[in-house]
Amino acid sequence: MTIEAVDSWVSHGGRQGVYRHQSEATGTGMTFSVFVPPHRAGTQLPVLTYLSGLTCTHANVTEKGEYRAACAEAGIVFVAPDTSPRGEGVPDDSKGHWDFGLGAGFYVDATEKPYARNYRMWSYVTEELPALVAEHFPVDLHAHSIMGHSMGGHGALVAALREPGKYRSVSAFAPIVHPMKVPWGKKAFELYLGENQKDWRQYDAVALIEDGAHRGEILVDVGTEDPFLHEQLCPEALESACGGAGIPLNLRRQSGYDHSYYFISSFMADHVAWHAQRLKGTA
């Protein structure tokens, strides 16, 4: 699998790059960013994948996430993919709504026309992209963790619950924890996956836990002033599901913070350090 370097910068002694490749999963070109911290030649490093939220690309966290200093200190590679396929012929929301279609792939493999052809973000982020990164960068996929924001927090939680052997740890900022019960998720799931709600459960963190999925500790931060907190995010549903299943959830309600990257960047170093302990077996 080949990649094209789009841009590259030295930062915190490491290298921040942006790359493009042709994806077999989505049938489109895909862009992603990778930060490789300073390291000795021949060293394989742990890797942390970050999934972004609605309307975002790889660029949002790359430019605003403030993760590089923490990743350089911890010796962690940071990978940030796009949130959907893009390009000529990729179907979008027919009414131009911002919360579906381009920039809003919801990390599912769509089964409904016309989206099934390209919207295969589950396969992309859990299979194709990790293999691509391992081929071209000094990473050890046996030490792989995942995190995300909002829609990306949903994707990270689902990936870690469905594929516990792939991910050492999982955390999220303001995740959509029960998408099949909230407006953003209901709309996306019906259009991507069809009307049978049994098919939705495989992409819903709360439903997966109710259906028996289990893993170790989960770290979640939400802002108390997040305008989507009660209608779309519903962290109390995850709290209840984890409590019932005996999954240790560290749910931190951060006073005064909202849904923005001002919030995410304030606690990013905490999350990177938390993952570093688990990636290196020191937690």
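Predicted model: local features only at pLDDT ≥ 70, side-chain atom pairs only at ≥ 80, totals over all residues.
The arrangement of the aromatic side chains was examined first. A pair of aromatic rings is described by the distance of the centres and the angle of the planes. Across the whole structure, 19 aromatic pairs were found. In one of these, the ring centres of Trp122 and Tyr203 are separated by 6.0 Å and the ring planes meet at 75°, so the pair is classed as edge-to-face. Trp122 belongs to helix α3 (residues 121-136), whereas Tyr203 is placed in the loop between α5 (183-193) and α6 (205-210); the pair therefore ties together parts that lie 81 residues apart in sequence. Both partners are buried: Trp122 has a relative accessibility of 7%, and Tyr203 has a relative accessibility of 3%. The pair formed by Tyr257 and Phe263 also has its ring centres 6.0 Å apart, but with the planes at 45°, so this pair is tilted. Tyr257 is partly exposed, at 29% relative accessibility, while Phe263 is buried, at 0%.

A corresponding arrangement involves Trp122, over whose ring the charged end of Arg162 is located, 4.0 Å from the centre. Trp122 thus takes part in the edge-to-face pair with Tyr203 and in the arrangement with Arg162.

The backbone of Trp122 is involved in a further interaction within the model. Its backbone oxygen lies 2.7 Å from a polar atom of the side chain of Thr126. Thr126 is likewise found in helix α3 and is buried, with a relative accessible area of 5%. Beyond residues up to four places away in sequence, Thr126 touches Ala159, Lys166 and Tyr167.

His275 is located in helix α9 (residues 261-279) and counts as buried, because its relative accessibility of 0% falls under the 20% limit. The side chain of His275 is joined to that of Ser169 by a polar contact of 2.6 Å. When neighbours within four places in sequence are left aside, the residues in contact with His275 are Leu48, Ser145, Ile146, Met147, Ser169, Val170 and Ser171.

Lys187, by contrast, is partly exposed, with a relative accessible area of 24%, and lies in helix α5. A polar contact of 2.8 Å connects the side chain of Lys187 with the side chain of His97. His97 is also listed among the residues touched by Lys187, together with Asp93, Asp99 and Phe100, when residues up to four places away in sequence are not counted. The C-alpha atoms of Lys187 and Lys95 are 13 Å apart, and these two residues are separated by 92 residues in sequence.

Rolling a probe the size of a water molecule over the atoms shows where empty space is left. The lining of the largest cavity consists of Val47, Thr49, Val79, Leu129, Pro130, Val133, Leu141 and His144. At least two residues of this lining come from each of β4 (45-51), α3 and β6 (139-149). The greatest contribution is that of α3, with 3 residues.

Finally, the backbone geometry shows several features of note. Most residues other than glycine have a negative phi, and most peptide bonds are trans. The peptide bond from Lys113 to Pro114 is cis, with omega near 0°, and Pro114 is situated in the loop between β5 (77-81) and α3. The loop between β5 and α3 also contains Phe106, whose phi is positive, near 60°. Phe106 is buried, with a relative accessible area of 0%. A positive phi, near 50°, is likewise found at Cys234, which is placed in the loop between α7 (229-233) and α8 (235-245). Cys234 is buried, with a relative accessible area of 13%.

How values were computed. Residues numbered from 1 in each chain as written. Heavy atoms only, no water. Phe/Tyr/Trp six-rings, centres within 6.5 Å; stacked < 30°, edge-to-face > 60°. Helix = DSSP H or I, 4+ residues; strand = E, 2+ residues; numbered from the N terminus. Buried < 20%, exposed > 50% of the residue type's maximum accessible area, 1.4 Å probe, protein only. Lys NZ or Arg CZ within 6 Å of the ring centre and 35° of its normal. Polar contact = N/O pair within 3.5 Å; in protein donor to acceptor, adjacent residues only side chain to side chain. Contact = heavy atoms within 4.5 Å. 1 Å grid on protein atoms, 1.4 Å probe; cavity = no way out; pocket = protein on both sides within 12 Å on 5 of 7 lines; lining within 4 Å.
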